[in-house]
Amino acid sequence: MSRLIVISNRVPSPRAGRSAAAGGLATALHAALSSYNGIWFGWSGEVTDNSHELRSKVHDGVTYATMDIGQADFEEYYNGFANRTLWPLFHYRIDLAQYERAFDQRYYSVNQFFARKVFPLIRQGDLVWVHDYHLIPCAEQLRLLGVRNRIGFFLHIPWPAREILVTLPKHRQLVRALFAYDVVGFQTRNDLQAFHDYVINETGGEVAPDGTVHCFGRSIVAEAFPIGIDVKGFASLPRQPVARRHARRIKASTLGRRVILGVDRLDYSKGLDRRFLAYERLLETHPEHRGKVLLLQIAATSRGDVDEYRQIRAELDALAGRINGRFAEYDQAPLRYINRSYSHMALAALYRAADVAFITPLRDGMNLVAKEYVACQSHHNPGVLILSRFAGAARELTAALIANPYDQDDMVEVLQRALEMPLEERRERWKALMKSLRKNDVIAWRDSFVKALTRCPQTGNAEVVRPRLDDRVTGSSG
């Protein structure tokens, strides 16, 4: 039986893989790796220039193989090209994308480093599955080392429109790297169509009726594989004793008010400033809600050492202060804004307690918070999901209230509708949402991708011949 080797920028703790509380993605991939006697390979999360040796730990039948990266790699590959160039570009923020040659060079050299480190672990017949925008060139580097195995790639964030992507210097080189894979997966049909548009109109490539994409003298299978969650696992969390204790605390702290909940990473792609402004406008135009609703926004800080993220935090601090200054009473504030992360047990309790989930990113690959919220609702008295039309999840969760985060009036109207929605309509919408979640859960996502990779024809990508690695690409990790 073939083994499965997962390659990702970061590798979760081995203990995290077994619990839904650690996240549905880690759980699903751990289960697949356990079934395939597999390996999860990637960065340890540690930054050191002293040692890049590979460390491995076997847990529940899965080998977790990690290595550190150097300080220059962290600054130029991770904080640089991955998160200051590709992340804003793929989220349609050309104005925030930074293009620096050092970032570009380090990105490719670290991918070369990843390939060299994982290469000795790969056996004939293994399936290799690479994840996300940090590692787009990984398969290309593995092919240069002589790897002929089937290799798949899944992009967890949006794929940008052609007009956006071509603003990236060497965009053709990045797309060409994808053609070293056998299967390339996107979150939505929209992302897939954007990829097709680039291939056809920028490179003169072709898309066959069966989904095969021909370009750069190679052929790959490209499909949409919308990622899901562990529905049963999340649905069970609110009933756990720890979650019940959190629920009692939440109930005591909300003072009988209806809760509008937002849970996001602190990121400009999440549209938090527009969300705050829409809530302020709701309190202005619908005074009947004053003192009766609470916006609870959890925004865990990430990449706090990057200037753009410090600026976002300062802007949101100011907005929250202004809103509370305008509408607070001596015994309550209308907005509670928190910059920290919580366990899935605590989040499950918050999901269950929230009357409305206000999930309005400006651009999102999928948004699993929306799905987690739905799964954690009580079928007796479910809350209402408000979802941005620009979240990938909006293509599946059509029974949610769909909002345009660029239109403040629309956001206010949708909020008002959610707060006024009768119980019967809430139940019907929740049933439809749960049906979609169960159909497209994380196991279905995992199995459909692995099945596509297993069944794809040997396209000849593995026959890329190269006598040795391109030594012109250098970096501290090399």
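Is helix H3 largely enclosed by the rest of the structure, or largely in the open? Here are some notes to read alongside the model.

1. **Ground rules.** This is a predicted model, in which local features need pLDDT of at least 70 and side-chain atom pairs count only at pLDDT 80 or more, while totals for chains, interfaces and linings use all residues. Residues are numbered from 1 along each chain as its sequence is written, and side-chain values use heavy atoms, with hydrogens and water left out.

2. **Helix H3.** To take up the opening question, 13 of the 18 residues of H3 are buried, so H3 is largely enclosed by the rest of the structure. Buried means under 20% relative accessible area, exposed over 50%, and partly exposed in between (1.4 Å probe, protein chains only). Helices (H or I, at least four residues) and strands (E, at least two) are DSSP runs, numbered from the N terminus.

3. Follow the strands in the order E3-E4-E2-E1-E5-E6-E7-E10-E9-E8 and you have traced an open sheet of 10 strands with mixed pairing. Strands E3 (55–59) and E8 (206–207) stand at the edges with a single partner strand each, so one side of each has no neighbour in the sheet. Two strands pair if DSSP finds at least two bridges between them.

4. None of the five residues of E3 is buried, so E3 lies largely in the open. Five bridges join E3 to the antiparallel strand E4 (residues 62–69), and Arg-55 stands opposite Thr-66 in E4. Two residues separate the strands of this hairpin, and Asp-60 in the turn has a positive phi of about 55°.

5. **The second largest pocket.** A pocket is an open set of points on a 1 Å grid over the protein atoms alone, where a 1.4 Å probe fits, with protein on both sides within 12 Å along at least five of seven lines; lining residues have an atom within 4 Å of a point. The second largest pocket is lined by 32 residues, and Ser-378 is among those nearest its centre. Helix H9 supplies the largest share of the lining, six residues.

6. **A closer look at Ser-378.** Ser-378 sits in the loop between helix H13 (368–375) and strand E15 (384–388). Ser-378 is buried, with a relative accessible area of 17%. Its side chain reaches the backbone nitrogen of His-380 at 3.1 Å.

Key
A polar contact is a pair of N or O atoms within 3.5 Å; within protein, one must be able to donate a hydrogen and the other to accept it, and residues adjacent in sequence count only if both atoms are side-chain atoms.
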